Amino acid sequence: MERLAVIGGTGLEQMEGLKQIERHTLETPFGSPSSDLIEMGDGQRSILFLSRHGEDHAIPPHKVNYRANIWALKEMGVKQVVAVAAIGGITKAMLPGQVSIPNQIIDYTWGREHTFFDGPQVEHIDFSWPYCEALRTQLLQAASATGVNAVDGGTYGATQGPRLESAAEISRMEQDGCDIVGMTGMPEAGLARELELCYACCAVSANWAAGKSEGEITMEEITENLKSGMAQVKEIINAL
Ligand code: HPA
């Protein structure tokens, strides 16, 4: 069996339902991961769970130590990584509460430690298809087995945060071809590819992106939509 890890995002800081087997506290050449790696399971199967923003949600998107997180997973023998992410919906299928499994990325982030190949080792990895197609298929099959309606594909635009975007920024991203917007998709996906991990994203729409609905985006609406969306994500992960 390929060892599976789940990186939990906003709304999935902890993974209830599965029994905790062991906590692994790791140090990496790049510093500490966002949280302990928690081995969880039901006696037959186990996963490793890492909380991207920390278990008490104290690490903002631009301060996440993405290199330490991905390195730690690799060190633990992980082969497959499901990255759970809260996003804003840009195109019409991505309504609040909707789960999607994106297949493309555009990176708008800046100033983040985004590579393991910082010299003297120089490598240029292929990133034409940034997500692992085999794991995307498994996620979609798990969704359909549990009756969760998940959109197959879409382009994830990764922004710097922590502020939300302006309506004009979202309009430009839509013209670029983005379907969803989030703050943590990069450099995480690129780093996973550099270490040859099979990485896919399970995105949950928390809100309509800026300018796509009337009024302001509130934390209350985000929290509310994530509650239902993350419940579906847990079902998908269980089925996986
Ligand atoms: N923009 C960026 N990241 C997000 C959003 C958003 O609207 N919603 C949840 N994460």
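Colleague: How far is a nitrogen atom of the ligand from an N or O atom in the side chain of Glu165?

Modeller: This is a predicted model, in which local features need pLDDT of at least 70 and side-chain atom pairs count only at pLDDT 80 or more, while totals for chains, interfaces and linings use all residues. Residues are numbered from 1 along each chain as its sequence is written, and side-chain values use heavy atoms, with hydrogens and water left out. For the side chain of Glu165 and a nitrogen atom of the ligand, the distance is 2.8 Å.

Colleague: Which residue has a polar side-chain atom 2.7 Å from a nitrogen atom of the ligand?

Modeller: The shell around the ligand (residues with a heavy atom within 4 Å) includes Leu164, Glu165 and Met183. Gly88 places a backbone N or O atom 3.4 Å from a ligand nitrogen. The polar side-chain atom at 2.7 Å belongs to Asn207.

Colleague: Is Asn207 buried or exposed?

Modeller: Asn207 is found in strand S11, residues 198-208, a strand being a DSSP run of E of at least two residues, numbered from the N terminus. Its relative accessible area is 6%. Under 20% counts as buried and over 50% as exposed (1.4 Å probe, protein chains only). Asn207 is therefore buried.

Colleague: Which strand supplies the largest share of the shell around the ligand?

Modeller: Strand S5 (80-89) and strand S10 (180-182) each give at least two shell residues. The largest share, 3 residues, comes from S5.

How values were computed
Helices (H or I, at least four residues) and strands (E, at least two) are DSSP runs, numbered from the N terminus. A polar contact is a pair of N or O atoms within 3.5 Å; within protein, one must be able to donate a hydrogen and the other to accept it, and residues adjacent in sequence count only if both atoms are side-chain atoms.
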